[in-house]
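Here are a few friendly notes to read beside the model. Take them one at a time, with the structure open.

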Amino acid sequence: MTDRAFAVVRAGALTTVQDEGRPGHAHLGVPLSGALDRPAAALVNRLVGNPAGAAVLETTLNGCALRPRCAVTVAVGGAPCRVTVDGRAVAWGAPVRVPAGALLEVGPAVYGVRGYVALGGGVAVEPVLGSRSTDLLSGLGPPPLTDGAVLPLGAAPVAHARVDTVPQPGPPRELVLRVTPGPRADWFTDAALRTLTTRAYRVSSASNRIGLRTEGPPLERAVGGELPSEGMVLGAIQVPPDGRPVVFLADHPTTGGYPVVGVVRERDLAAAAQAVPGTVVRFVGVGGLSGARHG
Amino acid sequence: MKVLPMGERALLVELADGESAAALHAELVRRRAAGDLVVREIVPAARTVLLDGLDGPDGPDAPLRLAARLPTWEIPPLPARADDVLEIPVRYEGPDLADVAALWGVPVRDVARIHSAAEFRVAFCGFAPGFGYLTGLGGVPDVPRRATPRTAVPAGSVGLAGPYTGVYPRSSPGGWQLIGTTDAVLWDHARVPAALLSPGARVRFVPEGR
């Protein structure tokens with residue numbers, strides 16, 4: 001009998017199961033969730049022959065170690081790191097065959113934050129609302145990995161990957177986020193909008209899957225008072241009372257009460273997922289951030 | 001109606017009040033069901049409706065085109081819902097009953113009477129899966145949030161904040177003033193639908209044992 005599963009030997013700082021998330025439930029308070037670096041997650045799935053929606057592991061900073069109970073093809077991508085099987089170095093960013101009972105070690109990120117581990121067949125935990133993603137904000141999906149946990153794998157893919165190694169862009173030294181106007185840009189002074197799009201911010205160590213928090217010059221409001229709750233989108237730059245912009249990532253709340261000054265382009269969020277605390281962030285205004293309105 | 005930009009694929013529509021937002025929400029849901037609107041998320045809130053994931057046949061121009069079209073729509077007033085009023089049994093014995101009674105200027109026992117006499121509507125959801133912001137409590141002052149939020153509010157707690165009533169689907173920190181407890185299950189992802197309360201639903205709170 002084959003035992004299509006793997007044991008978690010070292011869970012690492014934060015390793016979660018992620019796929020493409022739970023779209024379509026925001027009106028019930030359910031965040032999108034899903035892999036923060038989506039291109040990296042899609043790529044490792046492709047490398048092992050999985051469909052794009054298969055669940056992968058997302059590691060944070062210091063990797064993880066797994067012991068598959070069956071022979072399985074794996075690929076590690078996202079933040080570059082050392083990968084070993086039973087202590088022997090193997091390729092990062094390429095499919096690797098791991099024998100049953102061997103120890104796969106995904107090392108700490110050399111640079112970047114989040115690593116992605118695809119296993120042939122995908123992590124087959126029970127889906128919740130159509131997704132296997134761990135949602136840290138609302139507690140949906142499987143809990144983060146713990147040492148000693150055993151997780152099931154899906155049926156091995158029949159198709160083989162059509163590529164066996166691929167270039168991946170390295171995490172940027174400086175994070176450049178293109179920003180289109182948000183619904184409440186006019187709640188901020190012109191000086192604040194200039195500050196946002198011309199001054200440097202830094203990634204705060206308080207960042208997580210919910211939001212990329214920043215440190216830098218606070219944004220001054222032109223309109224005081226409270227904003228009634230309104231819907232939030234991926235990439236929304238919410239500005240809490242301390243004036244420091246927070247970029248909403250996959251586990252962001254679906255409604256919120258702080259004004260959204262701008263929205264980061266979805267394509268730029270993969271890089272945001274890999275920016276280590278201290279990285280310089282530059283918000284670049286596009287689409288008339290400081291004034292133009294449609295409608 | 002004001003149509004505000006929200007990134008590349010979303011629009012935030014601002015209305016005069018919650019009632020108009022609810023009417024627009026109902027109309028958007030109707031149009032999507034009829035196949036006249038392609039959008040991933042329709043998220044009502046206090047006085048806005050967010051449309052996110054506007055792609056579909058209109059391509060990348062979808063938000064701009066819809067933004068131009070929306071203000072020309074005839075929005076029918078909120079239709080009277082044909083479906084039943086959902087009844088949620090409550091034990092009115094929350095720790096903040098006395099504070100709420102003082103704020104309303106009534107004896108403590110009247111909090112349950114006033115609260116259970118109202119018909120509520122789920123204006124919007126958020127905060128946690130299955131948490132609904134219910135409107136419909138009239139004639140009494142809005143209740144401020146607690147100055148210091150509790151670190152743990154038990155699941156099933158019925159609370160008040162501002163013009164809203166809500167029920168905590170699971171234990172979490174929270175600053176609402178708690179007036180009671182229910183055994184109703186607000187969220188169960190193994191159930192279809194997972195959320196007991198969805199935007200637009202009508203709700204009554206029924207004192208338990210009556």
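1. Which residue in β4(B) is the bridge partner of E41(B)? The partner is D52(B). Before going on, please note that this is a predicted model, in which local features need pLDDT of at least 70, side-chain atom pairs count only at pLDDT 80 or more, and totals for chains, interfaces and linings use all residues. Residues are numbered from 1 along each chain as its sequence is written, chains are lettered from A in the order in which they are written, and side-chain values use heavy atoms, without hydrogens and water.

2. Strands β3(B), residues 41–44, and β4(B), residues 48–52, pair in the antiparallel sense over four bridges. Strands here are DSSP runs of E, at least two residues, numbered from the N terminus, and two of them pair if DSSP finds at least two bridges between them. With three residues between them, β3(B) and β4(B) form a hairpin.

3. In a regular strand, side chains alternate between the two faces of the sheet. On β3(B), E41(B) and V43(B) are on one side, I42(B) and P44(B) are on the other, and all are buried (under 20% relative accessible area with a 1.4 Å probe, protein chains only).

4. The lining of the second largest cavity takes its largest share, three residues, from strand β9 (residues 104–109) of chain A. A cavity is a set of points on a 1 Å grid over the protein atoms alone where a 1.4 Å probe fits but cannot get out, and its lining residues have an atom within 4 Å of a point.

Technical notes:
Buried means under 20% relative accessible area, exposed over 50%, partly exposed in between (1.4 Å probe, protein chains only).
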